[in-house]
Amino acid sequence: MINDKLNELIGNLVEIGTGEGKSLTLGVTCAILALLGFDVNCACYSQYLSERDFNAFKTLFTSLGVINDIHYGTFNQLCERVINEGGN
């Protein structure tokens, strides 16, 4: 049952418009997914916004013990991270 639910989470994409609470929605979603055991990548076009949002939730991620499972960055940074996970 839980595996079926987890499989439903794979490969989803969500769009949230300007001023609709992206930072909060993404921060909470990252925390929940990390608590469920997922390695979470949160991508943005802007390095400034990625760093700002990560820093805003850093205390929460740390207190939940999921700080190492959540990765904020630009699309390029996160793609490079995924590509390089297997080695040099």
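Apart from its neighbours within four places in sequence, Leu35 is in contact with Leu64 and Val66. The model described here is predicted. Leu35 belongs to helix α2. Although Leu35 and Leu64 are 29 residues apart along the chain, their C-alpha atoms are separated by 7.8 Å.

The overall layout comes next. The protein chain has four helices and two strands. In sequence order, these elements follow the pattern α-α-β-α-β-α. The radius of gyration of the protein chain is 13 Å, close to the 12 Å that the globule rule gives for 88 residues, so the chain is as compact as a globular protein of that length. Along the principal axes, the C-alpha atoms fill a box of roughly 40 × 35 × 30 Å.

The contact between Leu35 and Leu64 is part of a meeting of two helices, α2 and α3. Two packed helices are described by the angle between their axes and the distance between the axes. For α2 and α3, the angle is about 35° and the axes are 10 Å apart. Their crossing is right-handed. On the α2 side, the residues that take part are Ser23, Leu24, Gly27, Cys30, Ala31 and Leu35. They meet Arg52, Asp53, Phe57, Leu60, Phe61 and Leu64 in α3. Sorted by class, this contact has eight nonpolar, two polar and two charged residues.

Where does the largest share of the lining of the largest pocket come from? It comes from α2, which gives seven residues. The space in this pocket is about 1,100 Å³. Its lining has 29 residues, and Val14, Leu26, Asn41, Cys42 and Ala43 lie nearest the centre. The elements that give two or more residues to this lining are α2 (22–35), β1 (40–44) and α3 (47–64).

| Class | Residues in the lining |
|---|---|
| Nonpolar | 17 residues |
| Polar | seven residues |

Key: Residues are numbered from 1 along each chain as its sequence is written. This is a predicted model: local features need pLDDT of at least 70, side-chain atom pairs count only at pLDDT 80 or more; totals for chains, interfaces and linings use all residues. Side-chain values use heavy atoms; hydrogens and water are left out. On a 1 Å grid over the protein atoms alone, a cavity is a set of points where a 1.4 Å probe fits but cannot get out, and a pocket is an open set with protein on both sides within 12 Å along at least five of seven lines; lining residues have an atom within 4 Å of a point. Grid points are joined across faces, edges and corners, and a volume is the space filled by probe spheres set on the points. Ala, Val, Leu, Ile, Met, Phe, Trp, Tyr, Cys and Pro count as nonpolar, Asp, Glu, Lys and Arg as charged, and the others, Gly among them, as polar. Axes are lines fitted to C-alpha atoms, for helices over the stretch in contact, and angles run from 0 to 180 degrees between N-to-C directions. A crossing is left-handed if the near helix is turned anticlockwise from the far one by less than a right angle, and right-handed if clockwise. Contact means heavy atoms within 4.5 Å. The radius of gyration is taken over C-alpha atoms; the globule rule is 2.2 Å times the number of residues to the power 0.38.
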